[in-house]
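Here are my notes on this model, point by point. Please read them beside the coordinates.

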Amino acid sequence: MIKVDVLPINPWQENIYILSDETKECVIIDPGCLSRGEKQYVVDFITQNKFKPVRLLQTHLHLDHIFGARFISEHFGLKLTAHKEDEFLIGEFKSHAAKYGIPVEDETPELKEYVSEGDVIEFGNSILNVMHLPGHSPGGVAYYNEDDKLAIVGDSIFRESIGRTDLPRGDYNSLISCLKNKLLALDEAVVLYPGHGPSTTVGHEKKNNSFLI
Ligand SMILES: [Zn+2]
């Protein structure tokens, strides 16, 4: 049984997700911890819960989701993993941070492993299936577990809203079509955990998301 912990962080209130199961192995998703204090908070949370991090995953590589990626990967000895189509965003890490006036001390994160549609991520006794959801960014993915009916969806969909598509290589039509045909095709009880804000369900979005009705 997967337990989902949510740690909203940084000026964008980006949700860091820590998924664990009865084995205490865990995966860390979207480590947006920016300040030294925020990084320590994430490390302390993992240590206090006696979690053993085995994977470091990204739903996508926008700035607010990767502030702490280099730190977390080095601290826990994990390979930063994301979809290849988003790799170009890593190269813009420093310049984007400068553009927004964000003091980034860390070196640019390095992508060490790729995920793509249909991949299976294992941790403890659990698995996550990778769904490619391009549109908010070209390499956006969701991590889905069928048994426990949950998906970590990044910024593709929010409660009664959808991700913006005006950022580099965003694509509105592609986002709408993969949300309708893939994500909302899942069981209505599946809980969706977005990159910002509260969780929702497939059923709720099918009834209430005006972008997707
Ligand atoms: Zn984003």
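What share of the 213 residues of the protein count as buried?

1. The share is 43%. Buried means 20 or more other C-beta atoms within 10 Å of a residue's own; 12 or fewer is exposed, in between is partly exposed, and C-beta atoms are placed from the backbone.

2. A caveat on sources. This is a predicted model: local features need pLDDT of at least 70, side-chain atom pairs count only at pLDDT 80 or more, and totals for chains, interfaces and linings use all residues. Residues are numbered from 1 along each chain as its sequence is written.

3. Overall form. The C-alpha trace spans about 45 × 40 × 25 Å along its principal axes.

4. Secondary structure. The protein has seven helices and 14 strands. These are DSSP runs numbered from the N terminus: H or I of at least four residues for helices, E of at least two for strands.

5. Helix 3 (residues 69-76). Ala69, Phe71, Ile72 and Ser73 are buried here. Their cover includes strand 3 (25-29), helix 1 (36-48) and strand 5 (80-82). Gly77 follows helix 3, with a positive phi near 65 degrees.

6. Pro31. This residue sits in the loop between strand 3 and helix 1. Pro31 counts as buried because it has 32 C-beta neighbours inside 10 Å. Beyond four places in sequence, its contacts (C-beta atoms, placed from the backbone, within 7 Å) include Ala69 and Ile72.

Definitions and conventions
Two residues are in contact if their C-beta atoms, placed from the backbone, lie within 7 Å.
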